[in-house]
Amino acid sequence: MHTTDATVPDVKATTPIQHKLAGRGVKPAEHYLDSGYPSAELITDALKQGIRMVTPVLLDHSAQARAAEGFEKNAFTIDWTTRQVRCPAGRTSSHWNPVKQHGKDAIVVTFSVLTCRACPFQQQCTTSERGRRMLTLRPKELHENLARARAEQKTDTWKNKYAIRAGVEGTINQALDITGIRRARYRGLPKVRLQHAFSATALNVIRLDAYWTDSPLRRTRTSRLERLAYHLTA
């Protein structure tokens with residue numbers, strides 16, 4: 001269990017959770033998380049610690065990606081050595097500017113106005129008033145890890161693997177139903193953490209008992225239509 005103030009976003013909890021798991025000697029080789037927990041930095045840092053985060057990452061939200069027209073960011077070829085970017089039409093960028101955005105390192109790549117104006121794909125590629133395409137990239141390692149994660153999550157192999165996450169959501173739902181964990185019985189974070197720890201312990205005991213006695217955790221549910229069909233048949 002990892003309990004925080006309600007104002008703490010999920011992405012801030014990823015590293016503390018992984019450090020706790022490592023400190024207890026149960027560092028996961030694969031860490032299954034929902035979409036609130038990853039970022040390019042966290043995915044990269046986790047890989048350095050030997051943890052592969054299996055989690056949906058935010059997709060490209062550029063105007064081109066949203067409209068499914070023109071060239072998305074992953075359609076461009078990046079040469080990190082020469083610090084240039086080549087577009088799908090074969091044009092090369094003119095400027096490569098390392099910057100800080102929201103306190104994080106980034107790279108703004110700009111194509112020349114003259115280059116873009118002569119391109120037959122200009123109207124599809126950019127909506128800039130100056131008529132040139134610009135890209136914002138993360139540093140190489142972060143960019144490549146994020147691009148790899150985005151590509152992987154579109155595959156059937158990744159989707160089948162991520163299906164295990166449904167078991168996590170089922171456990172959380174069971175904790176809500178059985179222990180009332182959604183409502184804090186006491187004031188103050190330390191007391192709420194203790195409540196959550198007791199709830200998790202109780203849930204473990206219930207699930208162990210169900211496993212040892214070979215009994216299901218829940219009775220099988222049937223829809224109203226199925227019950228009606230059964231009565232008509234009977």
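Modeller: We may begin with the naming of elements: helices and strands are DSSP runs, numbered from the N terminus. Please bear in mind that this is a predicted model.

Biologist: How many residues line the largest pocket, and which lie nearest its centre?

Modeller: The lining comprises 34 residues, and those nearest the centre are M1, H2, I17, Y37 and I172. Sorted by class, 19 of the lining residues are nonpolar, 8 are polar and 7 are charged.

Biologist: Let us turn to charged pairs. How many salt bridges are there?

Modeller: Side chains of opposite charge can pair when their charged atoms come close. The count in this model comes to 8 salt bridges. In one of them, the side chains of K48 and E141 meet at 3.7 Å, N to O. Because K48 belongs to helix α2 (residues 40–48) and E141 to helix α6 (residues 140–152), this pair ties together parts that are 93 residues apart in sequence.

Biologist: Are K48 and E141 exposed or partly exposed?

Modeller: K48 is exposed, its relative accessible area being 56%, whereas E141 is partly exposed at 42%.

Biologist: Which residue meets E152 in a salt bridge?

Modeller: The partner of E152 is R52, with 2.7 Å from N to O. E152 lies in helix α6 and R52 in strand β2 (residues 52–54), so the two tie together parts that are 100 residues apart in sequence. Both are partly exposed: E152 has 28% relative accessibility and R52 has 34%.

Biologist: Finally, what should I note about the backbone of R83 and H102?

Modeller: Although R83 is not a glycine, its phi is positive, about 60 degrees. R83 is found in the loop between β3 (77–79) and β4 (84–86), and is partly exposed with a relative accessible area of 44%. H102, likewise not a glycine, has a positive phi of about 55 degrees. The loop between β5 (95–101) and β6 (104–110) contains H102, which is exposed at 83% relative accessible area.

Notes
Residues numbered from 1 in each chain as written. Predicted model: local features only at pLDDT ≥ 70, side-chain atom pairs only at ≥ 80, totals over all residues. Heavy atoms only, no water. 1 Å grid on protein atoms, 1.4 Å probe; cavity = no way out; pocket = protein on both sides within 12 Å on 5 of 7 lines; lining within 4 Å. Nonpolar A, V, L, I, M, F, W, Y, C, P; charged D, E, K, R; others polar. Helix = DSSP H or I, 4+ residues; strand = E, 2+ residues; numbered from the N terminus. Buried < 20%, exposed > 50% of the residue type's maximum accessible area, 1.4 Å probe, protein only. Salt bridge = Lys/Arg side-chain N within 4 Å of Asp/Glu carboxyl O.
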